Every structure is written in structure tokens, then in C-alpha cells.
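Thank you for making time this morning. I would like to walk you through one structure, beginning with a pair of helices and then turning to salt bridges.

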Amino acid sequence: MNDMSNVLLNDVLYVGIDDTDSQEGMCTTYITCVIIRELKDCGFKIQGYPRLIRLNPFARFKTRGNGALSFKLLVDSDEEIEKAKKIVLKEVEELSELGEERTNPGVVFYSGKITHELKEFSIRTIQNIVTIEEAEELATSVGAEFFKFKKGRGIIGALAAIGCPLDDRTYEFLAYRTPENRGTERMIGHESVREMNRQTYPETFDNVDDGYTAIEPHTPCPVLYGIRGESPEAVKKAHDMVEVGETIESYCIFKSNQHTDMHLQFIDEISEMEQFKCYIFEAEVSQNPHVIEGGHIIFTAADGSGEIECAAYEPTKQFRDVVRKLAQGDKLRIYGGIGEKGTLNVEKFEILELAPTYKTLNPICKCGKRMKSAGAGKGYKCPKCGEKLREAEKEKIPVSRSIEKGFYEVPPSARRHLSKPIVRMGESD
């Protein structure tokens, strides 16, 4: 823990929290919502919306959604500062399920300018792998105070959530369940969600997926539903339209880097790629798509520097039907990340150029009938007149493609938190 000595009175105190998710269902967003509610009950003022910052989706020790939280608290005295810190730390300790091995919370308090170093650290945490030691070193250098529970890995995300620049941002409305309902079937009116989507899309998005209610989690966490959109007003309007058959304990609107493609890095060559990172790159399909065990579709993309296997996994459902239509020679711009097996998980792609495809037919006899093979190495024979050709070229017939140039993406149910849906592709690209 570093002693925080640069907090100024009448200043903003940044609070960052991370790594409190658990397999049993607790989530960092809910803990943050509880903390904010208690702080407000004690007379504190929160400036702006709390932030929900998603980190590298391939980080080894990530929580379920790999999300970190931060908010800005107005402070007027040393006593207020100490009181606020005690409330935050008490709630994190009590609500985090510390008995779980993978739950290692961290809390960061910071007051001062958001420096270039803090912003750069945040981006690295979203695009790369960052260590606890790096987080501790940065926190010490900028005068932030950090608290570690158990291994304290959460200080990485807590610091990143404070420093993250949000040139592009979205908002999420999260409604929470009462304790007695957690772990039971969620009572959400699905038709009301479909109607909400009809009236608010694209200001809200990823609400439904082929009839499936995409705003509803499928874990025993406290979240009843989450609505994502372009503004606080849009997600609040959408929330007001959703009908539920159970009590909502509380709700919170978060400002976020979700669905901004912030995890992706532009690269010029496949040879520059590293495992556990996410990229945007242009390449050519060098091997046609094929199905492997489990229903996953694999194709190979290549450029002058190398090649990489690209995958549309079974959970991407109908997206695989699009991938099946790719052909050798197609030129693509691909968005995705490299996991443990070294295969690139495709999030979306843009077809830049379609390769011409052909089917081959036996030559036509001079009598007008199409010839048949006379046997291996024996040429062709006409079934009508008996004419034989020892050597002849097959006829190449152009085949129309059942796919067009443009963007294609995985469905909402398979979309990563950070992946930008096509409907947002004009936003801060």
C-alpha cells in the first residue's frame, strides 16, 4: 500500500475497483453500485457517471467479463476522505467472495490530473498483458494509494479504469435483482424487450438475437438485465419500456468502453502478431474454410509475411454460414484476437474484394454433346457419336457468389464486450 499524500480539499477523488467477480455470481458492477448508494446516503456527491472499463479479453487471470470500475467522488475535508475510504474498503471486503481462488480484489484512490502515463497504462491493460508489479510501480509514481486483498490483482484494472481515455464511449443501464431472487429464473417480459428494441434501435443495440433476449445474463449474478446504448437518455428510455415480474433492487448507468474496438491494434503484417492480443489486419484467404470437430469453421488467412488460422466457433451460430462462403483469393479486413491455441478468434470481417470462382466441365464434342471421361489418363469420349479426344482442356464456367463485399459480424449472443457492432462502425473509427 502506498500512502496517498496529494489529495487536495475541494477536489475529485478517483476510486477504482476490480477483480471482485466470482464464479458464485457476485460482480464488480453491483459492488460499485452498492458503494455509490451508501456514499450518497452519507452525503457524498458523485461526479458524472461511474465507468465500466473492459480489459484485454485474453488476459490469463481475467474475471468473467474482465471489467473494472471507477467513479469520481467530491471531497471537502480530510475527514470526508477517510470516511469515504473506509466505506469503499468495507464494502469490497464484505461483498467480494474472498473464499474463491480467482477473486483477488484491488482498490485504488487517486487525486490529481489524469496523466499521459495513466492513460497509456490503461490502453496497455486493454490491449496487452500487464503485471501487478507494473501497476504498483505506476501507482507509487503518481501518488495513488492502493489496497490489495489476497493477491490484489485487481489493482491493475482499478488503475486502468481511472486512467482510461474514452474518445468513443457507450453507456450501459444495469438493473439488479433482490437477494432472494438471485439464482432463480429471471422474470423478464420478452415481448416488451422486442418492442423496446423496435423503438430504440440503433440508439440501443444488442437487445435481441434471433428471438433470444440478449439483455439477460445466464449466470447467478445480481444483474437482472443490462441495456447498452449511445447515451444515458437512450438506455434509460429503453429501461422504462422493459416489463419485469420481479422487484428491481437498484440500478446504475455506467459510462463504458464497451463495443468500441478499443482492444484492437492495427498491424501491417501477420508476422507482427502475438498471442493474447487483438488485431485489425488485411489478408487474403489462402485455404478454403473447412469444418472441424465441434462444428467450428476454420480458414487460413495469409499475407506476404506469413499466415494464421482463423476460426468462427460454434457459438457464433449463423455467422459460420457466412464464413463457409469465403473462397481462396478473397481479400479481407479481419478483426479478432489470438487465444491460447494460437488461432485467431474472428469477431467480424470486411470483404474488400471477392475472388472469381469457377466450376470446370468436360469439353464439348464437335457434335454438340458434352463428353465423358474415357478413364484415368485416357482423355474423353463422346457418348453420342463416339468421338475421342486424347488431350483436351476442361471448360471453366464462372460461378456467381452468394456473398457480397461488406461487413459481417458474429451475433450479439457471441459478441465480446469490447467488439464494436457494425451498427456503430461510424462512431469514432
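Before we look at the pair, one term is needed: a crossing is called left-handed if the near helix is turned anticlockwise from the far one by less than a right angle, and right-handed if clockwise. Please keep in mind that this is a predicted model.

The crossing of helix 6 and helix 7 is right-handed, and these helices, residues 190-200 and residues 232-241, pack at an angle of about 145° with their axes 9 Å apart. On the helix 6 side the contact is made by Ser 192, Glu 195, Met 196, Gln 199 and Thr 200, and on the helix 7 side by Lys 237, Ala 238 and Met 241. Sorted by class, that contact has 3 nonpolar, 3 polar and 2 charged residues.

Now to the salt bridges, of which a search of the whole structure finds 32. In one of them the side chains of Arg 177 and Glu 246 meet at 2.9 Å, N to O, and this pair links strand 6 with the loop between helix 7 and strand 11, 69 residues apart. Arg 177 counts as buried because its relative accessibility is 0%, and Glu 246, at 11%, is buried as well.

Arg 333 and Glu 282 also meet in a salt bridge, at 2.6 Å, N to O. Arg 333 lies in strand 16 and Glu 282 in strand 13, so the pair ties together parts that are 51 residues apart in sequence. Here Arg 333 counts as partly exposed, at 22% relative accessibility, and so does Glu 282, at 42%.

Lastly, Glu 38, Lys 90, Glu 91 and Glu 94 are linked in a network of salt bridges.

Methods
Residues are numbered from 1 along each chain as its sequence is written. This is a predicted model: local features need pLDDT of at least 70, side-chain atom pairs count only at pLDDT 80 or more; totals for chains, interfaces and linings use all residues. Side-chain values use heavy atoms; hydrogens and water are left out. Axes are lines fitted to C-alpha atoms, for helices over the stretch in contact, and angles run from 0 to 180 degrees between N-to-C directions. Helices (H or I, at least four residues) and strands (E, at least two) are DSSP runs, numbered from the N terminus. Contact means heavy atoms within 4.5 Å. Ala, Val, Leu, Ile, Met, Phe, Trp, Tyr, Cys and Pro count as nonpolar, Asp, Glu, Lys and Arg as charged, and the others, Gly among them, as polar. A salt bridge is a side-chain nitrogen of Lys or Arg within 4 Å of a carboxyl oxygen of Asp or Glu. Buried means under 20% relative accessible area, exposed over 50%, partly exposed in between (1.4 Å probe, protein chains only).
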